[in-house]
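Please read this briefing alongside the sequence and the model. It is arranged by topic.

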Amino acid sequence: MLQTILAFIIVFGIIVIVHEFGHFYFAKKAGVLVREFSIGMGPKLFQTHRNETSYTIRVLPLGGYVMMAGFEEEEDIRLGMPALLHLDEKDQVTEIDLSDENMRTTGVPVEVLEYDFEDKLFIKGSVGGDLENTVTYSVKENAIVVQEDGTKLQIAPANRRFQNASLKDRILTNFGGPLNNFLLAIIAFIALGFLQGGVASNEPLIGEVQEDSPAIETQMETGDRVLSIDGEDISSWNEMLMTVQAHPNEPLEFEIQKENQDIIIETITPRAVEATDGTEIGQIGVQVLMKDSFLDKLAFGFTETWFYIKNIFTSILLLVTGQISADNLGGPVAIYQMTSEVTQTAGWLGIVNFIGFLSVNLGLMNLFPIPALDGGKLLLNFIEGVRGKPISEETETMLTLISVVLLLLLMVFVTWNDIQRFFFN
């Protein structure tokens, strides 16, 4: 259990951090103020503030976020709040402390009457609650607001907000998360190729021929290519595997090309073995050919990523056309269960492969044209480019709220699917 939990946190954490770093990197390059980079959700466990950004670790390891200026869910400060103002030698505000600990330090204690952290950069407050005794200070552009829970965030002047960046920079920032997920998948699969000493060829090439198997009784050898089975052309290892598995205890005629280009014909009867689902499948006792050159391992990162992208699109098409049930959708519980199975059966090599697989999934899912997702934001960027101006803030807010509700309903649905599948079946 502990090993599974640790693996789940590592897998989910790596994928989320890499995704959010994509947004973070392009936002920083565009000059957008990134106020917080959070790993995890919920109450804060740790924070440090460096180069304008607060880096936090939060309790729930089920996500993370990048808070860019202009996307705050609520105001940093409310009128009437007690605040402790820290000033520099020019009497400019460098920090507005709203935390419960603010009475323990020196500064100017006020109740906030008026402020503007976007354009005019000032704060006005009453000293000691006396409305006749008010002070007004200019606020530095890089001033810090210490929130009630102690989180430090830099104020967000208008010129540093995401909405004021160029369209090109906003597109790059929105696409940065999915882009990083695809790059992570490529790196994970390349690493897998090197860690396992090679990559499986999908060509119908024979690897090791096992002792005491139907194939050992023939002239079939490592490096041979299967051209056809029972007169049907074979173009891939998977195609050969499926054909053999479908014919247990049935003689099959193999057309084989030797490495010296000679063609031979062998009749092999696959041995019947029991599959994990209890059915019988055929096996002839050969393994896939492993390619171990440097370029093969490097190319594996790209070919395997593309393989999963095609498979995911195929699955989505089957889901939309009703050929597979929506009950097959899974959420965090399913990911945890899959992590457990991978950890127990495939070890760390399986986890590396799982990181690549999940990273491709997260990258593609985030590109769906739904306003709350990166794909929806990119769609709005495209519309802005065509129209020459963005859609109204009210329309964008309404579309985002609707999509958030739909995504929450989908999350409830897939979580209920997970519970039904793993606890009641």
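The points below cover salt bridges and a nonpolar surface patch.

This is a predicted model, in which local features need pLDDT of at least 70, side-chain atom pairs count only at pLDDT 80 or more, and totals for chains, interfaces and linings use all residues. Residues are numbered from 1 along each chain as its sequence is written, and side-chain values use heavy atoms, with hydrogens and water left out.

**Salt bridges**
- The count comes to nine salt bridges, each being a side-chain nitrogen of Lys or Arg within 4 Å of a carboxyl oxygen of Asp or Glu.
- Glu52 pairs with Arg160, with the closest N and O atoms 2.9 Å apart, and this pair links distant parts of the chain, 108 residues apart.
- Arg160 is buried at 16% relative accessibility, whereas Glu52 is partly exposed at 27% (buried means under 20% relative accessible area, exposed over 50%, partly exposed in between, with a 1.4 Å probe and protein chains only).
- Arg225 and Glu203 meet in a salt bridge at 2.7 Å, N to O; Arg225 lies in strand 11 and Glu203 in the loop between strand 9 and strand 10, so the pair ties together parts that are 22 residues apart in sequence.

**Nonpolar surface patch**
- A nonpolar patch of about 760 Å² includes Ile17, Ile39, Met41 and Phe46; patches take residues with over 30% relative accessible area and no salt bridge, joining like charges within 9 Å and nonpolar side chains (Val, Leu, Ile, Met, Phe, Trp, Tyr) within 5 Å.
- Ile39 is found in strand 1 and is partly exposed, at 32% relative accessibility; strands are DSSP runs (E, at least two residues), numbered from the N terminus.

Definitions and conventions. Areas by Shrake-Rupley, 256 points an atom, 1.4 Å probe, with all protein chains shown as cover. Helix = DSSP H or I, 4+ residues; strand = E, 2+ residues; numbered from the N terminus.
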